[in-house]
Amino acid sequence: MNTFSGAIPQGLAALRGNLLVGLTLAVVTLPQAIAFSTTLAGLPPHFGIYAAIWGVLFTALLNPSRVFSGGPNTTMSAAVGITLLPVAPQFGSDYIGYALTLILLAGLVQMLFVLVRPLGRMLDLINEPIVNGLICGIGVFLIFKSLTSFGGLPINTQVEWPLWIAWQSFLAVLEIGNLYAIQIGMITLVTSLAVRQVARLRNWAILVGVAAGTAYSEYLSATVGLQNTLIEQIANLSYVGFVLPSMPLFSQEAMADIIAILPGAVTLALLGLFQTVAAMRRMNRKMGSFTDSRRGIFADAVSNCVLPFLSSLPTCASFNRMWLIHSLGGNGRLASAASAVILLVLVLFLAQWIAIIPMPAMAAVIMLLGANMINWEDIKPHFKDRRESIVFLASFLSVLFLDLFGAVIVGSVLAIAYSKWEQAHPNISLSGNQLKIRGNLYYGSLPMIEAMYHRAIAREGSVVIDFSECFYIDREGIRWLKAAKEAQQAALTDRRRLDDRREVERRAASDGKRRTGRRRDKPDRRQRSEF
Amino acid sequence: MGVLSARFLRFALLVCTLGGLYFLAVQKHEDRDRMRLSAVELTPTCKAKLDAYGLSAGSTYRSPYLVRVSGMAPVMEGYSEEDVRAIQRGCNIIDDLQGFMAQGGNAERWNAQRFVRGSHTTCTHCHQDAGDKQDAEGNRLKGSNNLGASWVMADMYDRFTGLILSHELRQMQCYINSSNGFKPNISDDLLRDVTAYSRFIAAALDLKIGNRYPEQGMDEIPAAATGRRGDDYVRGAFIYRERCASCHGPQGFGLVADGRVVYPAVAGRNSFSLDSRMNFAAVNTIMPGFICRNMPPGAEGSLDGQQCRDIAYFLSTLPRPAGDLQGPLAAVWQQLMMIVMPPLTAYADSLQRGDLSRAPH
């Protein structure tokens, strides 16, 4: 596929439409990007803005999907903050260096997923309950995590059990929180929630909320004075617009810490890839089209390898923004690229206005985004199946009870266990001495089949094994079948073979071609699919 | 229409919840302000200590300690009513973290206990005598973890992590490790009050910022300072039984009488966590130093370095709660050990005693 196809719109009207979608996207992304870098990642605000400019631009150019939109991401930003908190004090120069190293390492890990095909295939094993569980867990986690900034309290500098810290933070906000900060946060929250009720303004809700919070904060500053309200503002954006080149930290002294953050880098990479693959899968399904998720992985990997040198947060695909582009009727690639350019212009001219946004308003934004991540409509289907609900709950709870790395590991193990469990439990039925196997006959399912087989032998003395409906038999399965046959207690039937032969012969007759030379010891996939 | 009203109801519910939470916060803030304005009821130790230091509100302050020791004292800026209450609250927290001695709903320690987990450990167990241990002549004692001396060393590099540690951050570590609890927010009044108290002690003792005083920490006892016989569990257990068990109990569970901790636990659920700076396995020189300087009370200095190391080594093998940073597996294992080990060791002890009693004398 031509990578740049789809970037050229049909006609001027489409161009204008996409520019408008780009403007919407830019304005919607701006407060989120700042909130991600300041409240979640513990980095200066320009990191988020650069991710929303350069990250969006790179991913738009690298991914051919018509709806794809990458950019700064809530979960990944939180993962940066969580990984680095024990390593260096936030906002310091060392912290920034470590953050860039972390992002670069994550990009390199993602590149590994592009280069080593089987690794990339592993991501296909991650099923929806796991991704939804992770996303919901992180949503809850984000709401709790933003509590301290919401109450204008300093952020705790060590990470322990997140739920307990959340409870402590809640009590601390109640008892010693800065009341002015709480008021600003509340106004932002309530305004956003109110605006969201109007369908037409839904996408602008966060922006309006932040504007209301900022206006109230300015009112407070004017009446009470900033020195009395003690409200932290974003401030210092004057230089944004020019790229601040940056270098990841790879010095000899930092090596111990870099090794310590390696699991964090793997987590970051996997979280990004999970989300990209899940978002692309979901968009494919909603739109009835197909774009290979490997394209998304490639876009993520390349942009995350380049972005650390441009002082930017890591990026991955965002389902919400993709859905927004789709619902506004935009062409993903052009709208994303347009949003990046428009954002650059906005930031160049509005830096002074952005600088006065108060931090509690940013925390309120994070709370809203966290709440958005818990979508009951997406979760509900998982509770209709017991196995899916267990997988979902395990994945959800692991975020809240373990750290993110633990959650990702639990998610991956669950995914593999889930797929193996599916295969390992073939549908076996025993009627009389007829043992009928449907599903896979392989090392994982053999113990179950053998148990049934021996039960039949004990009861009936002999058994007929019918494996006509096995789709796959591995070497161990073949060895077992052979041993069963040699023991002379079992007869094997494969009715398919006869059917196959008839069908093939019928076709051969109609084609006028002879296919009788084909070996049929191993069933052929293509033939099977035709039955 | 039904959908619209349902949505409106949901929105109204959300706004009401937020409003309710805001008013709850306002209430809590007012409660706290009231508590901070009300008079503090001091514990006996704190009352004696603060009276001896002549703490009272006024425009100037002159330390009676310095007058007594040197015959003269610099005139310092005084304390406001609010400062005095903060210092008093700080002393109460150090002397009685658990609030055992508090009366009237322990209002002045309005949130200290929330951060302490099932523990009988109080600050004063390590920071001896409410953080300012002195002998009969009023000389400050070495290795008693004097809070004033540690305040003047605040904002120094932490030798374990290499980070600059403020006094508040150090206190947060105490909550996590030494009292096996949870970390308060760094801007919590609790930490500010203890800082105020530590700072007052530093002023009363005329300690100078940045100076290192011998009573600040513990003088460590490395293996090189002993007869190099190696630390021994059996020897440690023997000395512990002889010298320590009468107070701390044969299993190290401490002694609690009438709801008050008479002797703190050195093992079991109520003890400090494995993450503590006193984690003997990691820092096996600090605990021996503490034992030699401060134990047993009244007969300090009666144990030699090797004996202290042996006791510390024995104590390090007793089950204690795992710290949060050690992860859930370690926590579960330690909890299990705390259930399994005490009866086992008690049984082994009884067997041994039985054997000894049967042995010919």
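Visitor: How many residues of chain A and of chain B does the contact take?

Guide: The model is a predicted one. In it, 30 residues from chain A and 32 residues from chain B take part in the contact, where contact means heavy atoms within 4.5 Å.

Visitor: What area is buried between chain A and chain B, and what share do carbon and sulfur atoms give?

Guide: About 2,900 Å² is buried between the two chains, and carbon and sulfur atoms give 65% of that area.

Visitor: Which elements of chain A give two or more residues to the side that touches chain B?

Guide: They are α8 (162-176) and α9 (179-196) of chain A. The largest share, ten residues, comes from α8(A).

Visitor: How do the residues on that side of chain A divide into nonpolar, polar and charged?

Guide: There are 20 nonpolar, eight polar and two charged residues on the side of chain A that touches chain B.

Visitor: How many salt bridges does the rule find across the interface of chain A and chain B?

Guide: The rule finds zero. Four residue pairs across the interface are in polar contact, both residues at pLDDT 80 or more.

Visitor: What is the strand order of the open sheet in chain A?

Guide: The four strands have the order β1-β2-β3-β4, with mixed pairing.

Visitor: Why are β1 and β4 of chain A said to stand at the edges?

Guide: β1 (427-431) and β4 (490-493) of chain A each have a single partner strand, so one side of each lacks a neighbour in the sheet. From one strand to the next, the twist averages 20°.

Visitor: What makes β1(A) and β2(A) count as paired strands?

Guide: Two strands pair if there are at least two bridges between them. Five bridges join β1(A) to β2 (residues 434-441) of chain A, and the two run antiparallel.

How values were computed:
Residues numbered from 1 in each chain as written. Chains lettered and ligands numbered in written order. Predicted model: local features only at pLDDT ≥ 70, side-chain atom pairs only at ≥ 80, totals over all residues. Heavy atoms only, no water. Buried area = accessible area lost by both parts, 1.4 Å probe. Salt bridge = Lys/Arg side-chain N within 4 Å of Asp/Glu carboxyl O. Polar contact = N/O pair within 3.5 Å; in protein donor to acceptor, adjacent residues only side chain to side chain. Nonpolar A, V, L, I, M, F, W, Y, C, P; charged D, E, K, R; others polar. Axes fitted to C-alpha atoms, helices over the stretch in contact; angles between N-to-C directions.
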